Amino acid sequence: APKKEEPRAHRRRRRRRHEGRRGAEDAAADADASKAAPLDVRKLVISCSECGFYAARWRCQECVEIFCTKCLSYLHNKGHRLNHTCEALPYYTAIMHDNFMRRNREDKRRQRIEAELRKGKDEHVKVLDESAIVIQAWYRGALGYRYGAVYLKEERSKIRQAYRQRKKDSAERKRLYYRTLDAVGAAPMLLSDTPEERVLKRIPAPRRRGARRHIGTNQSMVLWYPQTCKDKKRAPQRGFDVVGYTEEELVEQGRRGGTRLPGVLTVTQGCLKLVASMDLTHILSNGDVIRILDTTFMVKQVVDETDVYVDRPWWRGDLPAVNFYRMPRPGVIGRYARKAQKGAIFNPGSQMVVQFEAKGQLLYAK
């Protein structure tokens, strides 16, 4: 028998039930897919690298970071970060940040390559300089050997000659006549005498120990004024080795004593003020005793770098440039003796003699 046709309403109902089942299956499949692979969601703007909450509004070129306004104010309000260059960012996306970081990496890589090239160039120049120094040292050594050999030969000849002369003069020094004259400071000069021996030979033997002590206090200008030292490796000169002191000056210092002070003094007759050629503020102080020729004075006041006032006036003629020496401070007996000497000088008779000498009417024997 022929198959009976299904009514239209039944077909419509069955199609709806089938579509409903397919919809439920698709929804369940979509839910499982969403759990397995989450959605790729990105922020429209980059947040602050410090707090991570607010949007980035500033970019620091030195720190290579981005900040919100609050974090920028907190981190860049003191220290060396005050000098950092910060750029305002009205709108800063992830793509813009990626481009900035890429440019920053490229700049660092370029700087690193330039630094390596510069270092290699400097090392090459250094190697060339060292090679040139080696070549120059070899050339100068070979050239200096020719002249050095001649110089050493001459110096050895001088040393041998000085040794023979010293040996010859030693026999003269052992003679009784020479030793007698040497004891009183009248021995003749010998060719092999050293500068120290030539000075001390003119001083009697009992006073040589004190003379050596006084002359040993002499110092070069570098020790008096350290700020003038140019070559700190060179040892400063002391005692008999100081350059610029003549033999006569050393003999006079050895006989009368005192420590030679730097510079010279300008003294005027009848004046209490002494004018120095160098700064004495850190060398002399009130109460120090200085000697000019055979006369001693006590320092009353050092006014400035050059003006020094003493306790009594200079009673001889004017001296434009005279050496002066610092003497030991006197004890009790020395102070009383100084007062007595001062009273003898300033009495009317002595002052009359000084006035006559100043006028040229009387020759005053020293």
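1. Helices here are DSSP runs of H or I at least four residues long, and strands are E runs of at least two, both numbered from the N terminus. By that count, the protein chain has 10 helices and 11 strands. Keep in mind that this is a predicted model.

2. Burial and surface come next. Of the 366 residues in the protein chain, 24% are buried. The accessible surface of the chain is about 26900 Å². Carbon and sulfur atoms account for 56% of that surface.

3. Contacts across the sequence deserve a line of their own. Take the contacts in the protein chain between residues at least 6 apart in sequence. Of these, 53% join residues at least 24 apart.

4. Now the S7 and S8 pair. Strand S7 spans residues 289-292, and strand S8 spans residues 295-302. The two pair in the antiparallel sense, over 4 bridges. Within this pairing, arginine 291 stands opposite threonine 296 in S8. The hairpin of S7 and S8 has 2 residues between the strands. Leucine 293 takes a positive phi there, near 55 degrees.

5. S8 also pairs with strand S9, residues 307-310. This pair runs antiparallel too, and 3 bridges join the strands. Valine 302 stands opposite valine 308 in S9. S8 and S9 form a hairpin as well, with 4 residues between them.

6. One annotated segment is worth checking against the model. The unreviewed UniProt entry carries the annotation "domain: C2H2-type" for residues 60-80. In the model, the chain over residues 60-80 is 33% helix and 19% strand. The end C-alpha atoms of this segment are 13 Å apart.

7. Threonine 268 sits in a loop. On one side is strand S5 (265-267), and on the other is strand S6 (273-276). Is threonine 268 buried, exposed or partly exposed? Its relative accessible area is 37%. Buried means under 20% and exposed means over 50%, so a value in between counts as partly exposed. Threonine 268 is therefore partly exposed.

8. What does threonine 268 touch, leaving aside its neighbours within four places in sequence? It is in contact with Trp314 and Asp318. Threonine 268 and proline 313 are 45 residues apart in sequence, yet their C-alpha atoms are 8.5 Å apart in space.

Key. Residues numbered from 1 in each chain as written. Predicted model: local features only at pLDDT ≥ 70, side-chain atom pairs only at ≥ 80, totals over all residues. Heavy atoms only, no water. Buried < 20%, exposed > 50% of the residue type's maximum accessible area, 1.4 Å probe, protein only. Contact = heavy atoms within 4.5 Å. Areas by Shrake-Rupley, 256 points an atom, 1.4 Å probe, with all protein chains shown as cover. Pairing = 2+ DSSP bridges. UniProt positions renumbered as here; feature names shortened; annotations may be inferred.
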